[in-house]
Amino acid sequence: MAGVVEGALRAEAAAHGVHPSRVLFLHRLPKHLHVSRLTACDLFVDNFLYGAAAYTAASATVGQIVLALRQRVGREHALKMGREEPET
């Protein structure tokens, strides 16, 4: 199943002018190794089901573009990070 999904996402990227080799699916690593590879990416895509919270903040800190659903970046993200709810 993962191969089918990855192939479909690469095909969709190609249909929008992004070479399929630029779309990477990385395997799970220990946290310290995972964080060290954040700078290798141009774009961080947060997912709807889990929400990246700290990784979203870390990605923005190293200059990556972060793509997330608005509600994830707003109230839920701030509360996960121990901050007050942002004004909208």
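Q64 is buried, with a relative accessible area of 8% (buried means under 20%, exposed over 50%, and partly exposed in between, using a 1.4 Å probe and protein chains only). The model is predicted: local features need pLDDT of at least 70, side-chain atom pairs count only at pLDDT 80 or more, and totals for chains, interfaces and linings use all residues. Residues are numbered from 1 along each chain as its sequence is written, and side-chain values use heavy atoms, with hydrogens and water left out.

**The chain as a whole**

- The protein chain has 4 helices and 2 strands. Helices (H or I, at least four residues) and strands (E, at least two) are DSSP runs, numbered from the N terminus.
- The order of the elements from the N terminus is α-α-β-α-β-α.
- The protein chain has 88 residues, and 17% of them count as buried.
- Among contacts in the protein chain with a separation of 6 or more, 22% join residues 24 or more positions apart. Contact means heavy atoms within 4.5 Å.

**Around Q64**

- Q64 sits in the loop between α3 (54–61) and β2 (65–67).
- The side chain of Q64 reaches the backbone oxygen of L38 at 2.3 Å.
- Q64 also makes a side-chain to side-chain polar contact with S59, at 2.9 Å. A polar contact is a pair of N or O atoms within 3.5 Å; within protein, one must be able to donate a hydrogen and the other to accept it, and residues adjacent in sequence count only if both atoms are side-chain atoms.
- Not counting residues up to four places away in sequence, Q64 touches L38, T39, C41, D42, F44 and S59.

- V62 lies in the loop between α3 and β2. V62 is partly exposed, with a relative accessible area of 43%.
- Beyond its neighbours within four places in sequence, V62 is in contact with L38 and T39.
- V62 and L38 are 24 residues apart in sequence, and their C-alpha atoms are 7.7 Å apart in space.
- G63 is in the loop between α3 and β2. G63 is exposed, at 62% relative accessible area.
- The C-alpha atoms of G63 and L43 are separated by 9.2 Å, with the two residues 20 apart along the chain.

**Strand β2: V66**

- V66 belongs to strand β2. V66 counts as partly exposed, at 28% relative accessibility.
- Leaving aside neighbours within four places in sequence, V66 is in contact with F44, T56, S59 and A60.
- V66 and Y55 are 11 residues apart along the chain, and 9.9 Å separates their C-alpha atoms.

**The loop between α1 and α2: H19**

- H19 is placed in the loop between α1 and α2. H19 counts as exposed, at 53% relative accessibility.
- The side chains of H19 and S21 are joined by a polar contact of 2.8 Å.

**The largest pocket**

- The largest pocket has a volume of about 1300 Å³. On a 1 Å grid over the protein atoms alone, a pocket is an open set of points where a 1.4 Å probe fits, with protein on both sides within 12 Å along at least five of seven lines; lining residues have an atom within 4 Å of a point. Grid points are joined across faces, edges and corners, and the volume is the space filled by probe spheres set on the points.
- The lining of the largest pocket has 31 residues, and L24, L26, L43, F44 and V45 lie nearest its centre.
- Elements that each supply at least two lining residues are α1 (2–15), α2 (31–36) and β1 (43–45).
- The lining divides into 17 nonpolar, 7 polar and 7 charged residues. Ala, Val, Leu, Ile, Met, Phe, Trp, Tyr, Cys and Pro count as nonpolar, Asp, Glu, Lys and Arg as charged, and the others, Gly among them, as polar.
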